[in-house]
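Here is a set of questions and answers on one structure. Look at the sequence and the fold before reading on.

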Amino acid sequence: MPKAEPMPKAIVTVMTNPSQTGPDSSRRATSGLVTSDIASTDIARTDTASTDNAMTDITMNITTTSASLLRLLQLSSVSLPVGGFAFSQGLEFAVETGWVRTAEQTEDWLVSQLQESVARVDLPVLQGAMQALAADDLTDWQEWNDIALANRETRELRFTDAAMGQALKRLLGTLSIAMPVSAQQDVSFVSLFAVAAHSWQMAFDLAAYGYLWSWLENQIAAATKLVPLGQTQAQLLLGRIQLVIPEAIALAGTLDRDSLGGSLPGLALASSWHETQYTRLFRS
């Protein structure tokens, strides 16, 4: 694949202190989202003692070029024409049935989905697919694509992933990025996100931040319409949940092909029942 010209590099340092400023990482949804029994994985942390209590920080140093950073902003933009705004991923039914009615319940729903599904499936697939492309191993990339699609728990969730993947494939084709798949093949959005990230020379951590931001922004936009949330409430929610992102990326880094996976039965039920909902704003 074509490579960008080398450009001056910058160091982006990301620090978060979930114990003080973000949602409690041990929280689980009380709004109908049932978490899996998969054991939580230890994450490497830097513990800094204070006079009264221990403070837990996660620090990531990301080296990137200006060109890669600009491409990341393009790839994770809400204006990217891949149709992410058209899918609620079960949230519409959760609101309709009363599982999610407040900003706090929305936060519980999304944090649980981030920690128990996206961090345990999407991000390991993104990393594996990027490593396969770096090794020029398209067979391995194809296997990661199949893993992503196989881990979608309902027809609607698989349709969401494949529809966004097809849209991204068309877009990247117009940007002269070579596609490792045939025109007829189902392709996961996350595996094609890896294609774009590799082509634009992004590190995994940088690509993961962009992927999670894109997912979170679309979900908050859906919640704004459905719950509903005020614009200020939505921005406050974005600010709180984004503090969980570094921990999610660190968790994903500990998972491989054999240990990835997550199940959210409540989300799967909401997604399955969504197609029979009497009135719907979002696709099913």
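**Helix packing and aromatic pairs**

V121 has its place in helix α3. The model is predicted.

Q: Is V121 buried or exposed?
A: The cut-off for buried is under 20% relative accessible area. V121 has 1% relative accessibility, so V121 is buried.

Q: Which residue lies 140 residues from V121 in sequence and 5.2 Å from V121 in space, C-alpha to C-alpha?
A: Neighbours within four places in sequence are left aside here, and V121 then contacts N151, R152, G261 and G262. One of these is 140 residues away in sequence, with a C-alpha to C-alpha distance of 5.2 Å. That residue is G261.

Q: What is the handedness of the crossing where α3 passes α6?
A: The axes of helix α3 (residues 103-134) and helix α6 (residues 189-199) come within 8 Å and cross at roughly 45°. The helices α3 and α6 are therefore oblique. Their crossing is right-handed.

Q: How many nonpolar residues does the contact of α3 with α6 have?
A: On the α3 side are D122, V125, L126, A129, M130, L133 and A134, which meet V190, F193, A194, V195, A197 and H198 of α6. One residue in the contact is polar and one is charged. The nonpolar count is 11.

Q: Is Q219 buried or exposed?
A: Q219 is found in helix α7 (residues 204-226). With neighbours within four places in sequence left aside, Q219 contacts F87, S88, Q89, L91, L110 and Q113. The relative accessibility of Q219 is 1%, so Q219 counts as buried.

Q: How many aromatic pairs are there?
A: Rings pair if their centres lie within 6.5 Å. By this rule the count is seven.

Q: Which geometry do F87 and F159 adopt, at 5.8 Å centre to centre?
A: F87 sits in the loop between α1 (66-75) and α2 (91-96), while F159 is in helix α5 (residues 155-174), 72 residues apart. F87 is buried at 3% relative accessibility, whereas F159 is partly exposed at 27%. The angle between the ring planes is 75°, and over 60 degrees counts as edge-to-face. The pair is edge-to-face.

Q: Are the rings of F93 and W273 stacked, edge-to-face or tilted?
A: F93 lies in helix α2 and W273 in helix α10 (residues 265-274), so the pair ties together parts 180 residues apart in sequence. F93 is buried at 13% relative accessible area, whereas W273 is partly exposed at 39%. The ring centres are 5.4 Å apart and the planes stand at 50°, so the pair is tilted.

Q: Which residues form one aromatic cluster with F93 and W273?
A: The cluster takes in the tilted pair of F93 and W273.

Terms used: Residues numbered from 1 in each chain as written. Predicted model: local features only at pLDDT ≥ 70, side-chain atom pairs only at ≥ 80, totals over all residues. Heavy atoms only, no water. Phe/Tyr/Trp six-rings, centres within 6.5 Å; stacked < 30°, edge-to-face > 60°. Helix = DSSP H or I, 4+ residues; strand = E, 2+ residues; numbered from the N terminus. Buried < 20%, exposed > 50% of the residue type's maximum accessible area, 1.4 Å probe, protein only. Axes fitted to C-alpha atoms, helices over the stretch in contact; angles between N-to-C directions. Parallel < 35°, antiparallel > 145°, perpendicular 65-115°, else oblique. Left-handed = near helix turned anticlockwise from the far one by under 90°. Contact = heavy atoms within 4.5 Å. Nonpolar A, V, L, I, M, F, W, Y, C, P; charged D, E, K, R; others polar.
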